[in-house]
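Welcome! Have a look at it first, and then we will go through it topic by topic.

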Amino acid sequence: MTAPLLKRLRDLLGPDALLTAPSDLLVYECDGFTIEKNTPDVVVFPTSTEQVVAVVKACNDFGVPFLPRGAGTSLAGGCLPVGGGVMIALTRMKRILEVNYRERYAVVEPGVVNLWLTNHLKPHGWHYAPDPSSQGACTIGGNVATNSGGPHTLKYGVTVNHVLGVELVLPDGRVVRTGGPAEDNPGYDLTGVIVGSEGTFGIATKTWVRITRNPEAYRTLLGVFETVADATNTISELIGAGIVPAALEMLDSLILQAVEAAFHFGFPLDAGAVLIMEVDGLEAGLGDEAERIIAIAKKNKAREVRRANTDAERLLLWKCRKQAFGAVGRLAPSYCTQDGVVPRTKLPHILNEIQRIGTKYQLRICNVFHAGDGNIHPILLFDERDADQTKRVLAASHEILEECVRVGGSVTGEHGIGVEKIDFMSKLFTPEDLGVMLRLRNAFNPNNRCSPAKMLPTAGACIEASKAGRRAAL
Amino acid sequence: MDANICRIDDFGPLPVVQPASVAELSDIVRGAALQDQAIYPYGGRTMLDHGLPPTRPGIAVDLRGLTQVIEYPARDMTITVQAGITLAKLGELLRPENQRLPIDVPDADRATLGGALATNVSGPRRLGHGTLRDYVIGITVVNDEGHEAKAGGRVVKNVAGYDLCKLYIGALGTLGIISQVTLKLRPLADEQALVILTCEPHAVAALLDALHRSRTRPVCLELLNDAAVAALNVQHPGLLPDAPRVLIVGYEEKRETVAWQVQQLIAELPAGTLKSLESRVGSTADPLWQWLVEFPAWSGALLTFKANLLPGATAEFFAKAADLPEGLALQAHAGSGIVLGHATDALTLERARAMLAVLEPIATAAQGNIVLRRCPTAWKATLPVWGKPREDLWLMRAVRQQLDPKERFNPGRFLV
Ligand SMILES: Cc1cc2nc3c(=O)[nH]c(=O)nc-3n(C[C@H](O)[C@H](O)[C@H](O)COP(=O)(O)OP(=O)(O)OC[C@H]3O[C@@H](n4cnc5c(N)ncnc54)[C@H](O)[C@@H]3O)c2cc1C
């Protein structure tokens, strides 16, 4: 990286708004996807849209790639600075700018942590519906970029269903505002394609999000099953019966061991799997719906169905679920969280396959996932100091995802393509499909200077790399 | 209209081709590209007068031959169909499985799924169930080069690739011809109810605010003025009480939940503001539901506009529109900030312009806009059919420039 660019950035932002020391940069060499690492040349911390614009223009003037970063919890390597360059960390843009309950929207800066918004709305009886398990850490900017889901997006919809508008700093430094708090603006739904574009269309500096009233009542049930198959059959039958729970999550026996050791909820450690089944809404009729769910679970050989009787119990159950990944550390020194989707009726099949693949590669795999959406999260346990194990983890992940594709699913339900799954794009999509996507990216990011080598397999071909590109940590 | 020729906004005649397969559609697009012809896709022709007149000669492509059901795994609650299927036919397929696509489309016997997507149709139920963008999980278009290009997939949650589904919805066919769609579905509701409230105009704002705070969760919140009620009662005598303003609050859910909400709403409503109150539960609500879905496409209108606003601004806009001398028939999806206004034969171009000059600033002040759904073709040259341009128009143009660089699809007709 050239000294003049660094000087310009320092002049623009001030000395305490950039990191250049190798030891500081190390933190930014990867995100939640740790298999590939590369440090950026500099990390900058703008505090306003104007500063983001200035940084982007400087990068353009010097022909240096740049990429946005939120909390760095991406599990797909979305924040990997391929080719080095300038990393634009948005964590200092963390203001909730406006909340309007009558018009049911809020405007937030990108660095606002997902849960902060919900906590802010809570006293008024409202919340922000998309609730990724990482919601205590991840940012709304990151959620917008990855179109995040969460346990309750089964009923309420994922991020894109809650984003009304975006202020975007385009890769050439122009600022555009799409959509807004009123619905149905004439013209193309640019907001809809900006969500989920994984930072390749520009940097979201402001987001208009829909806010949602809290349900009046919940029924939170824990179905305990002898086998994974009984649990997955229950899921298919619930969906088939036209029941749309607010959340429907599965944990298998291996993950239960870890979660129980961490949180002492009182999970039955001899169970094959448990389902967290929640319905919410108005009190009237909710009891009946819970009874229907219990009946279907029992019919599918649930050993028992427990109810969370108090708010505290319900919250603890959700804490166990949402922090399950964190508890995995008790099982193995390293783990790789996969993200795939299958049609919901194929869940029994894919879980069998995961087990078979685990045996084949001699790996332990545990499962905790958004079952109601068919969105699986097999967690492959290993020790990254053992190169052979790491290789087997990659091969097994690959095989699981291939099977998802084969049964009509997808290789990612919410974590994104990032760098991790870029090779799968040509398995899911034809050259013509990808051609259209590339053309769309060209409308936003013609020089591919913003988040190069992400999402589309052809990306990264024409960037001027200031460093060796992708470096695997194998 | 002759099956072999088609006129759009008096432009034409355009020769019509009707592909029987997606392969044929691709050939047609490639052929048109070779001859540098424009392409005007259409389905049930229910909204063909939406937008500006064509600007280039070309061919019209009738998509009603593409009606195959590719896959309906009912237990996954998804369906993949070709885009020429009518909404009525789709509904018939889904009903035996107790499922539906909860989007209100007028003229469902004729309207095709592709057409509904291209124009992003929605109706009263959008308050509770959202719009088409919330249901399309996969889409295939035939692009400007005649290639099939898809985005999304067949599973309900999927973030692989750019979500082009969103872009094609409401693009009026300008970015490609929608050939196949995968939808996520909902269970049919066990029960429905409409609560009908009548009041004086000055009571509307407070009532809407009260409904916004209600403990109940309506799936629709419709507001009608006297002219709209009169139009209804000509078609269906006695379906609604004559009143200056009618508010209709709809519920769709489990039986017990609907019953509770109807009672709760009645208990919550501020005393003294209502002239009358009545509820219709179950199938007795059907005729009114149906009419609320159809009225946005009312054939009695010479001009129909659609305003989009912050929901809280609906009452004010509605009042201003109702006070205009035109005697507009007004229907608002009041929970979503959408107001539809119909003007009848008495309207002149000059008055139309004056009317929009009054309404547009109110709409834009409420962060929205106003577009013309329908008006005499000759007026389109001078009226702001697509509303007031917004600041992202240039980026929309850049997107079109990339995806349809020769402006092959519906040239001149859309905002972009
Ligand atoms: C324990 C754990 C649990 C998780 N659970 C879930 C879950 O339930 N559901 C789910 O969907 N995901 C989950 N994730 C994945 C991750 O949390 C989400 O993808 C999240 O949205 C990332 O937010 P972030 O702020 O960390 O973004 P980052 O990781 O910093 O960035 C993610 C991507 O977004 C881009 N980006 C960030 N900010 C912006 C911006 N302002 N403008 C444009 N692009 C930007 C980055 O370039 C990158 O490509 C989980 C991750 C962990 C570690």
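A nonpolar core is a set of buried Ala, Val, Leu, Ile, Met, Phe, Trp, Tyr and Cys residues joined through C-beta atoms within 7 Å. Keep that in mind for the first topic below. Please note as well that this is a predicted model.

**The nonpolar core**

- The largest nonpolar core has 291 residues, and V44(A), I88(A), V274(A) and Y168(B) touch the most other members.
- Helix α3 (residues 49–62) of chain A provides the largest share of this core, with seven residues.
- Which residues does V274(A) contact, leaving aside its neighbours within four places in sequence? They are L222(A), G223(A), V224(A), F225(A), L251(A), L256(A) and F267(A).

**Helix α9 of chain A**

- After α9(A) comes H264(A), which has a positive phi, near 50°.

**Strand β7 of chain A and its partners**

- Strand β7 (residues 105–108) of chain A is covered on both faces. Y105(A) and V107(A) are buried on one side, and A106(A) and V108(A) are buried on the other.
- Strand β6 (residues 96–100) of chain A runs antiparallel to β7(A), and four bridges join the two.
- Within this pairing, V107(A) in β7(A) has E98(A) opposite.
- The two strands β6(A) and β7(A) make a hairpin with four residues between them, and R104(A) in the turn has a positive phi of about 45°.
- β7(A) also pairs with strand β11 (residues 203–210) of chain A, in the antiparallel sense and over four bridges. Here V209(A) in β11(A) has A106(A) opposite.

**The domains of chain A**

- Chain A is divided into domain 1 (3–91), domain 2 (96–213) and domain 3 (219–406).
- How far apart do the C-alpha centres of domain 1 and domain 2 of chain A lie? The distance is 22 Å.
- Contact between these two domains of chain A involves 16 residues of domain 1 and 20 residues of domain 2.
- On the domain 1 side of this contact, α3 and β4 (66–69) of chain A each supply at least two residues. α3(A) gives the most, with six residues.
- Sorted by class, the residues on that side of domain 1 of chain A are eight nonpolar, seven polar and one charged.

**Where chain A meets chain B**

- How many residues of each chain are in contact with the other chain? There are 67 in chain A and 67 in chain B.
- On the side of chain A that touches chain B, the elements that each supply at least two residues are β10 (175–179), α7 (190–194), α8 (228–240), α10 (286–299), α15 (425–428) and α16 (431–444) of chain A.
- α16(A) gives the most to this side, with eight residues.
- This side of chain A has 26 nonpolar, 26 polar and 15 charged residues.

**A sheet in chain B**

- Five strands of chain B form an open sheet with antiparallel pairing, in the order β5-β6-β10-β8-β9.
- At the edges are β5 (69–71) and β9 (148–152) of chain B, each of which pairs on one side only.
- On average, neighbouring strands in this sheet are turned by 20° against each other, direction ignored.
- Inside the sheet, strand β8 (residues 136–142) and strand β10 (residues 177–184) of chain B pair in the antiparallel sense over six bridges. One bridge links V136(B) with its partner L183(B) in β10(B).

- The domain assignment of chain B gives domain 1 (5–64), domain 2 (66–187), domain 3 (191–294) and domain 4 (298–381).
- The C-alpha centres of domain 1 and domain 3 of chain B lie 41 Å apart.
- D286(B) lies in helix α9 (residues 286–294) of chain B. Is D286(B) buried or exposed? D286(B) counts as exposed because it has 12 C-beta neighbours inside 10 Å, and a residue is exposed if the number is 12 or fewer.
- D286(B) and S122(B) are 164 residues apart in sequence, and their C-alpha atoms are 18 Å apart in space.

Conventions
Residues numbered from 1 in each chain as written. Chains lettered and ligands numbered in written order. Predicted model: local features only at pLDDT ≥ 70, side-chain atom pairs only at ≥ 80, totals over all residues. Pairing = 2+ DSSP bridges. Axes fitted to C-alpha atoms, helices over the stretch in contact; angles between N-to-C directions. Contact = placed C-beta atoms within 7 Å. Nonpolar A, V, L, I, M, F, W, Y, C, P; charged D, E, K, R; others polar. Buried ≥ 20, exposed ≤ 12 C-beta atoms within 10 Å, placed from the backbone. Domains from an automatic or database assignment.
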